[in-house]
Amino acid sequence: MGKMSFEGGFSADLRGELEAMNQCLQHRGPDDRGIYVDGPVGLAQTRLSIIDLSPTGHQPMGNEDGTIWIVFNGEIYNFQVLREELERSGHRFVGTSDTQVIIHGYEEWGIEGCLQRLRGMFAFAIWDGRKRLLILARDRLGKKPLKYYVDQHKIIFASELKAILTDRSIATSVDYDAIDFYLTHQYVPTPYTGFKEIRKLPAAHYLTCSEKGQMQIHEYWDLRYKPDHGKSPEEWHHLILQHLDEAVRLRMLADVPVGAFLSGGVDSSAVVSSMARQSAQPIRTFSVGFSDQQFDELPFARMVAKQYGTDHTELILEPDEMDMLPKLVYHFEEPYADSSALATYLISEATRRYVTVALNGDGGDEAFAGYSKYIWLQRSRPYDVLRPLMQLASFPAQLIYDRFPTDRSRRNAIFLESYRHPRRGRFTYWQAYFSSMEKSWLYHPQFVQHRKESPVWNFVRSAAADEVIDQALYIDAKTYLPDDLLVKVDIASMAASLEARSPLLDQCLVEFAATIPVNLKVKGSEGKAIFKEALLSRLPREVMYRKKRGFSIPVDRWFRESRAEWAREILLDPRSLKRNLFRAEGLERLLREHQTGKVRHGNRIWALIVLELWFRQFTDVHATVA
């Protein structure tokens, strides 16, 4: 994190301001903190020590002559290889910190050349004192966050916008377009944040800013889908396991204890099986479950833990855990409606008592096509010839849903309305939290005007792939993955001072998976087919081919039973209604339909509660739509 004032102007208490930023993000780095100031430029860092626990890993870190400085969040998994190459070129290293390869790599290859060589998760800022140039960069898939505020006087940047907001001189206003996007997607898509003046740097991009305030943003990597039809299934199986084991091996490197999240699903089980095969000691595994059997996956996690002899720990969640929601909203700091964040935070907190690093299975569905929506994209192809009729049928379907609301009538109306969009992007409409027809009776008239096209559709149009499933995988890799899943894991784990690592999002593995033909990823009604086949030699068939549940919590039951009145009190509170976002009668309808069991609105109720709590914590409680 840090600040730079333009045209030489700077705060008289820059160090104090940087210290306030450090204090705000102490949870991300409780082991060490540091500050560097060069005239109008200040860098600050709180450190979670993972590699090189000695003082030589201290940040901000400079080069040999102190002309280039860096603050860095993340891990570079190929740092040892890069270090050897840089040492041959004459660069001097002290200690074993991976941070050094970035700063020396920048000196040797420039920012583009350096970024192309880095294999890991990262967000960093480099201050080049010779060129008087600030550089901000983010990893390829967006595992580590980077947000910034810029005006005519200064730029402020940090991993979390809370640190930016410690500067009381900046004026922020609610971005109601971003709020509308949130209510569609359950997250705020990049570059939006919820505040008009604060932005997210996109994944696989870097930003340069001169001391005069001249700023540019560049993309340095993109994911390409080029199917290779020349390999046999057996060759693919071998290569999948080879890439998996290498990605896991690199992420087991640490100078602190390492464990793993084990959900009992295919992806986390694959990671644990690979860890166990490469470790001389039992792996520590951690699982979360629920008393509601519909959501509980602990039996499958236990099956894998038993097979590989892991040191296994379980956590059971109950409805009273929702008392932590205000704390969760504070940490996520943008409107964020993925309710599984609660479980992710609590399991991270429990895991941190035993280890400092935890590997997870995130990314397997996006790399190997594991979601049912990809299968439905294939199955919906025959209906394309009937697209005009489907569009005509959408209007009466909406009337039926409005008159006779059920889960089925809602799904039918949304499915038919999705035919107004290109097939590659229809799934983004299917999984919308609030569809356009629901917004029509929920949104307040003053909020309706704040509706424009979501930036997600930019990726729908630019998805360069021959197969519709590959197009969908590309869209998810650019939107849902960095703005939802990776946000969830980074924020929830770092709130507990735990580093989460994702082997299935290794850049080499992801690029390799993009070469696997679609007909091997999806076979009939089986998603992630080739990945499962490769793992049959390592994992029980019961784990591999059970019904996919996803990582979710029982919000439908909670909001119908023990938490029903609590939800009503928050959403119909005068403070909420004064914002002029939602009609009171629309909120009443939503709550009534859910309570009577006509439509399961649990996730939508959760999204609205999170939004109201976000307003209370981060904006004027009496804010209304401008």
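Trainee: Why is Tyr-383 called partly exposed in this predicted model?

Mentor: Tyr-383 has a relative accessibility of 39%, and because buried means under 20% and exposed means over 50%, a value of 39% falls in between and Tyr-383 counts as partly exposed. This residue sits in the loop between helix H12 (372-379) and helix H13 (387-403).

Trainee: What makes Tyr-383 part of a nonpolar patch on the surface?

Mentor: A patch takes in residues with over 30% relative accessible area and no salt bridge, and joins nonpolar side chains within 5 Å; Tyr-383, at 39%, passes the accessibility cut-off. Tyr-383 forms the patch with Val-385, Leu-386, Leu-389 and Leu-392, and together they have about 540 Å² of accessible area.

Trainee: Asp-476 belongs to helix H19, so what makes helix H19 mostly covered?

Mentor: In helix H19 (residues 468-478), 11 of its 11 residues are buried. One of them is Lys-478, whose relative accessibility of 15% is under the 20% cut-off, so Lys-478 counts as buried.

Trainee: How do you know that Glu-219 and Lys-478 meet in a salt bridge?

Mentor: The distance between their side chains is 3.8 Å, N to O, and because a salt bridge needs a side-chain nitrogen of Lys or Arg within 4 Å of a carboxyl oxygen of Asp or Glu, the pair qualifies. Glu-219 lies in strand S12 (residues 215-219) and Lys-478 in helix H19, so the pair ties together parts that are 259 residues apart in sequence. Glu-219 is partly exposed, with a relative accessible area of 42%.

Trainee: What makes Arg-501 and Glu-75 a salt bridge, and are these residues buried or exposed?

Mentor: Their side chains meet at 3.7 Å, N to O, which is within the 4 Å limit. Arg-501 lies in strand S17 (residues 499-501) and Glu-75 in strand S5 (residues 68-76), so this pair ties together parts that are 426 residues apart in sequence. Arg-501 is at 0% relative accessibility and counts as buried, while Glu-75, at 4%, also counts as buried.

Trainee: Why is Asp-323 called exposed?

Mentor: Its relative accessibility is 53%, and because exposed means over 50%, Asp-323 counts as exposed. The side chains of Asp-323 and Arg-563 meet in a salt bridge of 2.7 Å, N to O, and Arg-563, at 11% relative accessibility, counts as buried.

Terms used:
Residues are numbered from 1 along each chain as its sequence is written. This is a predicted model: local features need pLDDT of at least 70, side-chain atom pairs count only at pLDDT 80 or more; totals for chains, interfaces and linings use all residues. Side-chain values use heavy atoms; hydrogens and water are left out. Patches are made of residues with over 30% relative accessible area and no salt bridge: like charges are joined within 9 Å, nonpolar side chains (Val, Leu, Ile, Met, Phe, Trp, Tyr) within 5 Å. Accessible areas come from the Shrake-Rupley method with a 1.4 Å probe; for residues, only the protein chains shown count as cover. Helices (H or I, at least four residues) and strands (E, at least two) are DSSP runs, numbered from the N terminus. Buried means under 20% relative accessible area, exposed over 50%, partly exposed in between (1.4 Å probe, protein chains only).
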